[in-house]
Amino acid sequence: MCLAVACTVQQVCRVTRKHQCRVKKACDGAVCVQQTKIAAVVVTAQKIFFWNEFSMLTRLRTFSLLGIDAVPVDVETDISSLGNPRPVIVGLPDATVRESIYRINRAVENSGFRFPEEPIVINLAPAELPKEAASFDLPMALGVLLASRQFTMDDEYQCAVVGELALDGSTRPVRGVLSMALAAVAEGVRTLLVPEANAVEAAVVEELDVIAVSSLSQAVQFLSGELPQEPQPSQLDLFFEKYAVYDEDYSDVRGQEMAKRALTVAAAGGHNVLMVGPPGSGKTMLAKRLPSILPELTPSESLETTRVYSALGLLSQGVPLLATRPFRAPHHTISEAGLVGGGSVPRPGEMSLANHGVLFLDELPEFQRRTLEVLRQPLEEQSVTISRASGTMQFPAQMMLVAAMNPCPCGFRNDPRRECHCSVPQIERYTARLSGPLIDRIDIQIEVPAVAYRELQYGPAGMSSAEMREKVVTARKIQHCRFLRSSIGCNARMNSRMLREYCRLNDDGHRILELAMTEMALSARAHDRILRVARTIADLDASESIETSHLLEATQYRMLDRQLWA
């Protein structure tokens with residue numbers, strides 16, 4: 001017995017010379033050791049043995065939002081007797097994630113479980129990826145319960161978990177669940193546990209079994225097999241039938257048939273539009289109804305745009321997808337980052353929120369000039385690229401730009417009913433707020449005059465949105481067949497090679513375009529945009545070639561540009 005104790009003493013106390021026991025032989029051959037030292041060593045040895053048996057490492061899968069994309073993250077939880085007695089979260093967590101340990105503590109206790117008093121280390125891998133938002137609460141809480149052996153589960157790596165926890169253990173919705181569901185499918189995950197409020201959104205991804213959980217205890221019961229639960233149904237078809245309806249209609253607009261014609265051309269070819277007219281002439285009404293004549297939003301377009309809204313937390317409760325084309329109208333005090341995206345942690349801006357829809361900039365000259373200039377590159381590339389020291393992010397921006405402005409500071413220049421009191425220098429300063437390169441990127445520039453009383457009260461209703469959309473859809477089908485082997489979908493995106501192939505002119509057309517460029521001092525960019533608009537007008541007439549009338553109409557849509565800025 002004494003010999004066994006002496007061996008234990010030698011094995012344990014070999015770690016440090018300071019506490020090494022002194023052993024001496026007695027006359028009867030037994031080993032005598034100081035009794036207090038023996039007791040301390042034995043207790044220490046038993047404690048280390050007990051916690052090595054108790055210690056357990058677990059790993060759960062979750063996702064972190066990076067821009068509008070979701071990246072996989074492993075939540076590794078280790079509980080042992082060694083280390084810092086306070087729980088530690090490592091892996092570049094932000095303040096929200098670091099504070100989550102307090103939410104998890106109370107959520108675990110209030111759900112009827114025990115939060116371990118022993119040292120806990122939670123690692124969020126990969127370590128070099130910054131972790132933000134509260135979506136790690138639920139997977140970390142489950143990791144703690146697994147590591148402390150308060151429940152067990154099979155095949156834990158085929159299941160992913162996201163969700164925020166309240167102090168009472170209930171779940172709260174998180175941002176970016178749609179992107180996380182798409183990333184889960186890409187990573188081969190079969191089941192995704194999400195808060196109940198996010199279940200309809202995640203169920204859009206039909207290749208994934210989405211389990212809605214309302215509390216931490218429900219998540220434990222499902223993962224342990226105590227409470228079987230059916231996945232959330234998708235029901236995408238029913239959703240589109242219910243919500244794909246526009247409240248606005250062009251039949252409400254009286255006396256602006258020329259403007260309606262220009263907007264029909266714009267919608268058919270995906271062209272940018274600038275409307276100039278006095279206050280109250282109907283510019284905003286015309287712009288708001290433009291999404292109602294665009295082709296119906298396809299599932300892939302809806303998915304791409306909804307990801308942006310989901311990442312920013314802008315989806316309405318119970319609405320998993322956008323069923324109508326978005327219409328965004330930011331105020332003229334918006335910042336550059338608010339318009340195109342940005343920030344220390346890059347987030348999408350209004351251009352991305354208007355993806356596959358309409359971005360309306362009312363009172364265009366009132367925007368800061370520098371803010372407007374950042375539109376130039378995204379308008380050409382149909383995407384926004386934001387570079388930071390930590391990396392580069394790209395956000396979609398395939399939208400139509402519709403802008404409106406007054407012809408002068410007072411707004412009544414060329415209005416026969418009211419006199420303009422603006423001086424020439426005032427008008428020049430007002431119009432100089434818009435740069436030539438930005439105006440060149442707007443294909444169609446039209447005048448929207450004031451409507452007379454008789455036309456407003458007794459005039460015919462004019463074309464409705466349904467009639468205008470029918471023409472637009474017909475023209476878009478022609479363009480779809482034309483660009484079937486390319487990645488573009490409308491005439492406004494044609495490159496120089498396509499212009500030479502699809503926009504050939506006859507001799508009369510060449511003379512008209514040459515005269516227009518000489519008299520109006522148009523740039524090469526404006527030349528290309530005239531050809532694109534002419535091609536769209538020809539498509540509306542179901543014409544294979546661009547006729548003289550098509551080119552003349554397209555040229556007229558640029559005349560307002562040079563009348564104002566010359």
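1. Helix 19 and helix 22 cross in a right-handed way (the near helix is turned clockwise from the far one by less than a right angle). Helix 22 covers residues 524–540, and the axes of the two helices sit 8 Å apart at an angle of about 115 degrees. Axes here are lines fitted to C-alpha atoms over the stretch in contact, with angles from 0 to 180 degrees between N-to-C directions. Helices are DSSP runs of H or I with at least four residues, strands are E runs of at least two, and both are numbered from the N terminus. Keep in mind that this is a predicted model, where local features need pLDDT of at least 70, side-chain atom pairs need 80 or more, and totals for chains, interfaces and linings use all residues. Residue numbers start from 1 along each chain as its sequence is written, and side-chain values use heavy atoms, without hydrogens or water.

2. That angle makes helix 19 and helix 22 roughly perpendicular (65 to 115 degrees; under 35 is roughly parallel, over 145 roughly antiparallel, the rest oblique). On the helix 19 side, look for Lys-471, Ala-475, Ile-478, Gln-479 and Arg-482, which meet Arg-535, Asp-539 and Leu-540 of helix 22 (contact means heavy atoms within 4.5 Å). Sorted by class, this contact has four charged, three nonpolar and one polar residues. Nonpolar means Ala, Val, Leu, Ile, Met, Phe, Trp, Tyr, Cys and Pro; charged means Asp, Glu, Lys and Arg; the others, Gly among them, are polar.

3. Now try helix 3 (residues 95–110) and helix 4 (residues 137–147), whose axes come within 10 Å and cross at roughly 55 degrees. This pair is therefore oblique, and the crossing of helix 3 and helix 4 is right-handed. Helix 3 brings Val-97, Ser-100, Arg-103, Ile-104 and Val-108 to the contact, while helix 4 brings Asp-137, Met-140, Ala-141 and Leu-145. Six of these contact residues are nonpolar, two are charged and one is polar.

4. Helix 5 (residues 177–186) and helix 11 (residues 299–311) have axes 7 Å apart, packed at about 125 degrees. Helix 5 and helix 11 are therefore oblique too. Val-177, Leu-178, Ser-179 and Leu-182 of helix 5 touch Leu-303, Thr-306, Arg-307 and Ser-310 of helix 11.

5. You'll find His-356 in the loop between helix 13 (350–353) and strand 16 (358–361).

6. Which residues does the cis peptide bond join? Ala-125 and Pro-126, with omega at about 5 degrees. Pro-126 sits in the loop between strand 6 (120–125) and helix 4.
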